[in-house]
Amino acid sequence: MLPGSQNRGAVVSIAEKLFKLKEAGSDVRTEVVAGITTFLTMAYIIFVNPAILGDAGLPKEAVFVATCLAAAVGTAIMALYANYPIGMAPGMGLNAYFAYAVVLGMGIKWPVALGAVFISGCLFLIVSLLGLREAIVNGIPRSLRIAITVGLGLFLGLIALKSAGIVMANPNTMVTVGDLHQPPALLAVVGFLLIVTLDRLKVKGAILIGIMTVTVLSFFFAGNQFRGVFSAPPSLDATFLKLDVPGALGVGVLNVVLVFFLVELFDATGTLMGVASRAGLLVSGKMERLNKALLADSTAIVAGSMLGTSSTTAYLESASGVQAGGRTGLTALVVALLFLAALFIAPLAGVVPPYATAPALLFVACLMLRDLGDFDWNETTECIPAAITALLIPFTYSIAHGIAFGFITYAALKLLTGRFREVKPIVWVIAIVFSFKYAYIGA
């Protein structure tokens with residue numbers, strides 16, 4: 001037998017032992033292809049996350065490294081501990097909330113915001129260890145869970161349009177249309193149409209292709225300058241262990257921690273169940289290793305905050321790898337290794353302008369609005385609080401205020417209509433906490 005064949009046989013044997021490929025009806029080649037497919041569909045985050053958190057004052061180069069490392073660590077844990085074909089990285093929506101609502105909107109310093117992410121990750125970890133996740137998630141009305149997703153989509157959409165220069169502030173009308181003759185706005189429109197077209201044609205990595213196309217065009221039409229592609233990874237010193245946990249424990253950021261925790265919990269649970277369902281990995285409608293997957297998720301959040309990035313979460317884009325045949329953690333391990341390899345393209349990440357990532361944000365935002373049809377519009381005690389939640393998130397530029405008013409409205413309407421028995425204890429607790437905050441602490 002040739003030496004190469006022996007090596008390949010050893011690799012296959014190790015992979016089989018770790019990931020139980022035959023039991024899952026898969027093989028090494030299929031899992032590797034699936035991992036590459038998943039990475040291509042979610043690699044846009046290594047360009048988008050530094051751009052968003054950079055607006056909040058975090059050093060972009062350090063955030064780029066933190067993004068790659070947090071994604072690699074979280075995905076590797078998902079692969080080796082939970083054995084699911086699910087990639088992880090800093091979550092869209094949560095990074096926007098971190099930057100634009102918490103840091104820029106509330107004036108909270110970014111180390112304190114990282115501390116809030118750390119605390120929310122620890123809470124998530126405790127909930128997962130104690131097996132309380134199901135009780136909490138089931139206690140939150142489905143209408144409000146949907147509303148948070150829709151509100152996040154509207155919030156992301158507003159940020160994307162602003163970054164592209166398509167929407168801008170106006171003292172008379174609050175917002176107005178920007179100058180559509182400027183290269184950033186025109187290139188953002190081109191990028192958005194390209195992403196949607198490629199996605200409809202089922203081209204792998206549509207979002208990444210869109211970002212890179214606009215970046216290349218920016219060199220010719222918007223005065224951007226090329227700085228190369230490869231280099232040694234930048235330093236992480238500027239963000240590593242710079243989180244301020246004592247500052248985050250202050251009463252002023254109680255709602256910040258709560259929002260991070262709730263969105264992380266709903267987002268992770270929904271994504272994990274959705275991808276597992278697509279892969280045929282549900283047994284009697286449940287994930288056998290859901291708690292392990294949630295532990296991987298919560299551990300990644302804690303690790304990411306220490307590295308210097310906003311909350312890490314499971315990515316729905318993992319469904320693309322599942323579609324390509326990924327069924328085990330080997331798919332996720334390939335994704336983790338590719339995120340580590342991405343550390344060496346820092347110069348490329350550094351020249352991606354905001355208007356190149358804006359089309360990706362807007363595309364994700366549009367997809368998040370598809371749940372609007374799932375509301376029960378005939379039951380006003382359900383749909384009205386949901387609508388309030390979804391509307392106030394973008395209009396107050398705060399996920400926290402949207403969630404707060406949604407829960408308060410839900411509890412109040414159920415109480416006033418004599419349907420208070422439909423309200424689970426967790427909803428009363430959250431509504432009372434937010435009511436107390438507005439009454440005695442302020443917005």
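Student: At what angle do helix 4 and helix 5 pack, and how far apart are their axes?

Tutor: Two packed helices are described by the angle between their axes and by the distance between those axes. In this predicted model, helix 4 (residues 45–55) and helix 5 pack at an angle of about 135 degrees, with their axes 9 Å apart. Helix 4 and helix 5 are therefore oblique to each other, since angles count as roughly antiparallel over 145 degrees and as roughly perpendicular from 65 to 115; their crossing is right-handed.

Student: Which residues meet where helix 4 and helix 5 pack?

Tutor: From helix 4 the contacts include Ile 45, Asn 49 and Leu 53, and among the residues they meet in helix 5 are Val 63, Phe 64 and Thr 67. As a general idea, an α-helix has 3.6 residues a turn, so residues three or four places apart point the same way.

Student: What is the reach of helix 5, and what follows it?

Tutor: Helix 5 (residues 60–82) has 23 residues and reaches 31 Å from its first C-alpha to its last, which is close to the 33 Å expected at 1.5 Å a residue. The helix is followed by Asn 83, whose phi is positive, near 55 degrees.

Student: Is Asn 95 buried or exposed?

Tutor: Asn 95, which lies in helix 6 (residues 94–106), has a relative accessible area of 0% and is therefore buried.

Student: With which side chain does Asn 95 make a polar contact?

Tutor: The partner is the side chain of Asn 49, at 3.1 Å from that of Asn 95. Leaving aside residues up to four places away in sequence, Asn 95 also touches Ile 45, Ile 52, Leu 53 and Ser 310, among others.

Key: Residues are numbered from 1 along each chain as its sequence is written. This is a predicted model: local features need pLDDT of at least 70, side-chain atom pairs count only at pLDDT 80 or more; totals for chains, interfaces and linings use all residues. Side-chain values use heavy atoms; hydrogens and water are left out. Helices (H or I, at least four residues) and strands (E, at least two) are DSSP runs, numbered from the N terminus. Buried means under 20% relative accessible area, exposed over 50%, partly exposed in between (1.4 Å probe, protein chains only). A polar contact is a pair of N or O atoms within 3.5 Å; within protein, one must be able to donate a hydrogen and the other to accept it, and residues adjacent in sequence count only if both atoms are side-chain atoms. Contact means heavy atoms within 4.5 Å. The expected span of a helix is 1.5 Å times one less than its number of residues. Axes are lines fitted to C-alpha atoms, for helices over the stretch in contact, and angles run from 0 to 180 degrees between N-to-C directions. Angles under 35 degrees count as roughly parallel, over 145 as roughly antiparallel, 65 to 115 as roughly perpendicular and the rest as oblique. A crossing is left-handed if the near helix is turned anticlockwise from the far one by less than a right angle, and right-handed if clockwise.
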